[in-house]
Amino acid sequence: MWVSILGCSGGIGPGNRTTSILIDDDILLDAGSGVGDLQLQQMCKVKHIFISHSHLDHIAFLPFLVDSIFSQIEEPIQVYGLPETIDALKKHVFNWVIWPDFSELPNKDRPVMAFNVIQPNQSIKIKKRTIQAVAVDHVVPGLGYIVTNEAGRTFAFSGDTATNDSLWEALNNLPSLDTLMIESGFPNSHEALGKLAKHYTPNTLAKDLCKLKHKPHLLISHLKPGMEIMISEQLHKVLNGYQLTCIKSGDSINID
Ligand SMILES: [Zn+2]
Ligand SMILES: [Zn+2]
């Protein structure tokens with residue numbers, strides 16, 4: 001199973017793309033600005049998009065993706081999210097004001113995009129991979145996703161979250177966990193802001209990681225631009241027993 005990090009930054013700027021992860025060549029987790037680096041033929045291979053939550057940095061390029069492949073695909077792209085996420089996409093993005101409603105285009109019977117509601121703990125099997133939704137705690141309703149391949153190897157993605165129990169409980173229920181992509185959006189000095197905006201800091205993440213019985217490779221994402229070095233140093237200090245990588249757009253990992 002290939003995991004390609006198209007975007008994982010907490011902002012924009014040279015080399016920075018917002019959250020989007022390509023699993024093999026057909027599944028996206030989130031559709032932030034990282035999607036803009038895909039070639040047209042790569043975009044056409046994407047069949048399923050799992051959205052973690054409705055924030056703009058996780059959905060910004062979904063409208064452009066659907067528009068770009070509009071005349072190229074035969075089957076609708078399946079978009080999954082919590083009911084609140086799907087409602088937000090319909091009401092605030094695909095509302096004919098910000099962007100056309102591609103779930104009705106070119107016609108309602110055969111649209112280019114279809115919305116699917118997914119609930120926490122629900123699993124969806126796509127070819128030989130299973131994607132399980134997991135509740136997290138963010139300022140809007142949010143999900144993380146656990147992707148398991150046929151060999152039982154597992155990649156988990158936290159989405160945006162602050163301290164919670166649901167993610168760790170779901171991860172502890174797995175027989176094993178190879179790789180965990182988890183956010184640490186702010187440095188320790190911004191802990192109050194982290195609490196308000198519901199993002200981890202190195203200290204709050206380290207505290208929550210004590211709940212985890214596995215010892216996965218940690219891929220740290222969502223670092224605020226300009227604070228990457230500070231956050232990375234703090235993480236290495238508090239998580240020194242872990243294999244830990246502050247990832248960047250363009251990184252890819254083979255999990256087999
Ligand atoms: Zn968010
Ligand atoms: Zn975010």
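Helices and strands here are DSSP runs, helices of at least four residues and strands of at least two, numbered from the N terminus.

**Figure 1. The whole chain of this predicted model.** Counted that way, the protein has 8 helices and 14 strands. Its C-alpha atoms fill a box of roughly 55 × 40 × 30 Å along the principal axes. A compact globule of 256 residues would have a radius of gyration near 18 Å, and the 17 Å of the protein agrees with that. Of the 256 residues, 54% count as buried. The accessible surface comes to about 11,300 Å², and 53% of that belongs to carbon and sulfur atoms. Among contacts between residues at least 6 apart in sequence, 61% join residues at least 24 apart.

**Figure 2. The zinc ion (ligand 1) and its donors.** Welcome to the metal site. Four residues coordinate this ion at 2.1 to 2.4 Å: His 53 through NE2, His 55 through ND1, His 138 through NE2 and Asp 160 through OD. The angles among the 4 donor atoms run from 89 to 165°, and the site is irregular. A tetrahedral label would need all angles between 85 and 135 degrees, so the 165° end of the range rules it out. Along the sequence, the donor residues follow the spacing H-x1-H-x82-H-x21-D. Two of them, His 55 and His 138, link distant parts of the chain, 83 residues apart. His 55 sits in the loop between strand E4 (48-50) and helix H2 (56-59), while His 138 sits in the loop between strand E8 (129-135) and strand E9 (143-148).

Figure 3. Returning to the two histidines, His 55 is partly exposed, with a relative accessible area of 24%. His 138, at 6%, counts as buried, because the cut-off for buried is under 20%.

**Figure 4. The largest nonpolar core, with 27 residues.** Those with the most contacts inside this core are Leu 28, Ile 49, Leu 62, Val 79, Leu 89, Phe 94 and Met 113. The elements giving two or more residues are helix H1 (40-45), helix H3 (62-68), strand E5 (77-81), helix H4 (83-92) and strand E6 (113-117). H3 supplies the largest share, 3 residues. Zoom in on Met 113: beyond its neighbours within four places in sequence, it is in contact with Val 66, Pro 76, Ile 77, Val 79, Phe 94, Phe 102 and Ser 103. Apart from this core lies another, of 26 residues, among them Cys 8, Ile 118, Phe 157 and Ile 255.

**Figure 5. Helix H7 (residues 202-209) and its cover.** With 6 of its 8 residues buried, H7 is largely enclosed by the rest of the structure. The buried ones are Pro 202, Thr 204, Leu 205, Ala 206, Asp 208 and Leu 209. Their cover includes helix H5 (166-172), strand E11 (179-183), helix H6 (191-197), strand E12 (217-221) and helix H8 (228-238).

**Figure 6. Ile 231 in helix H8.** Ile 231 is buried, with a relative accessible area of 0%. Setting aside neighbours within four places in sequence, Ile 231 is in contact with Ser 184, Gly 185, Phe 186, Pro 187, Pro 202, Leu 223 and Lys 224. One of these contacts, Pro 202, is also among the buried residues of H7. Ile 231 and Ile 59 are 172 residues apart in sequence and 25 Å apart in space, C-alpha to C-alpha.

Methods: Residues are numbered from 1 along each chain as its sequence is written. Chains are lettered from A and ligands numbered from 1 in the order in which they are written. This is a predicted model: local features need pLDDT of at least 70, side-chain atom pairs count only at pLDDT 80 or more; totals for chains, interfaces and linings use all residues. Side-chain values use heavy atoms; hydrogens and water are left out. Donors are N, O and S atoms within 2.8 Å of the metal (3.2 Å for Na, K and Ca); water is not among the atoms, so sites may look incomplete. Four donors count as tetrahedral if all angles lie between 85 and 135 degrees; four count as square planar and six as octahedral if opposite donors are over 155 degrees apart and all others between 65 and 115; anything else is irregular. Buried means under 20% relative accessible area, exposed over 50%, partly exposed in between (1.4 Å probe, protein chains only). The radius of gyration is taken over C-alpha atoms; the globule rule is 2.2 Å times the number of residues to the power 0.38. Contact means heavy atoms within 4.5 Å. Accessible areas come from the Shrake-Rupley method with a 1.4 Å probe; for residues, only the protein chains shown count as cover. A nonpolar core is a set of buried Ala, Val, Leu, Ile, Met, Phe, Trp, Tyr and Cys residues joined through side-chain atoms within 4.5 Å.
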